[in-house]
Amino acid sequence: MYSSDQRAETAYDLFERGRRFLAHGHPHQAAMLLGRAKLLEPEKASIREALGRALYMAGRPRRARREFTKAVALNPSDDYAHFALALACERTGQRDRARGHARLAVALHPDVFEYQAALERLTA
């Protein structure tokens, strides 16, 4: 049993701390915390998506692509995960795959300008 100052961090605690680092422009620190959260809850799409964002922002698009791929597999209706996967695929030279996920993001949420812009860029 843990005392209040020694309690084990939950996946949610790590996720929230990681998101705060991400929001404040610290993707490397966010990736460390979100990676620990993923170990505790590997099937949580929200953790995979946030970890993908942190990795992408930290300049690790291949690892980000793997996390976004898992996020999409866990939650196929997540428009942002499709968009982020499209960006990661584009950055790693997988334009056809990127185009497909950009199309899905637009289909799921057609009023998001960033999704439309990405799709236009990929189909040009």
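Predicted model: local features only at pLDDT ≥ 70, side-chain atom pairs only at ≥ 80, totals over all residues.

Visitor: Good to know. How many residues are in the largest nonpolar core?

Guide: The largest nonpolar core has 36 residues. Those with the most contacts inside it are Leu 34, Ala 54, Tyr 56, Phe 68, Phe 83 and Tyr 115.

Visitor: And which elements give two or more residues to this core?

Guide: The list is α1 (11-23), α2 (27-40), α3 (45-57), α4 (61-74), α5 (79-91), α6 (95-108) and α7 (113-123).

Visitor: Which one gives the most?

Guide: That is α5, which contributes eight residues to the core.

Visitor: Let's pick a residue, then. Where is Leu 34 found?

Guide: Leu 34 sits in helix α2.

Visitor: Buried or exposed?

Guide: Leu 34 counts as buried because its relative accessible area is 0%, and the cut-off for buried is under 20%.

Visitor: What is Leu 34 in contact with, leaving aside neighbours within four places in sequence?

Guide: With those neighbours set aside, Leu 34 contacts Leu 14, Phe 15, Gly 18, Ile 47, Ala 50, Leu 51 and Ala 54.

Visitor: What do the buried residues of α2 pack against?

Guide: They pack against α1, α3 and α4. The buried set in α2 is Pro 27, Ala 30, Ala 31, Leu 33, Leu 34, Ala 37 and Lys 38.

Visitor: Nice. Switching topic: what does Phe 83 touch?

Guide: Not counting residues up to four places away in sequence, Phe 83 touches His 101, Ala 105, Glu 114, Tyr 115 and Ala 118.

Visitor: Which other residues of α6 are buried?

Guide: Besides His 101, they are Ala 98, Arg 99, Ala 102, Ala 105 and Val 106. The buried residues of α6 pack against α4, α5 and α7.

Visitor: One last thing: how many residues does α6 have, and what is its reach?

Guide: α6 has 14 residues and reaches 20 Å from its first C-alpha to its last, close to the 20 Å expected at 1.5 Å a residue.

Technical notes: Residues numbered from 1 in each chain as written. Heavy atoms only, no water. Core = buried A, V, L, I, M, F, W, Y, C linked by side-chain atoms within 4.5 Å. Buried < 20%, exposed > 50% of the residue type's maximum accessible area, 1.4 Å probe, protein only. Helix = DSSP H or I, 4+ residues; strand = E, 2+ residues; numbered from the N terminus. Contact = heavy atoms within 4.5 Å. Expected span 1.5 Å × (residues − 1).
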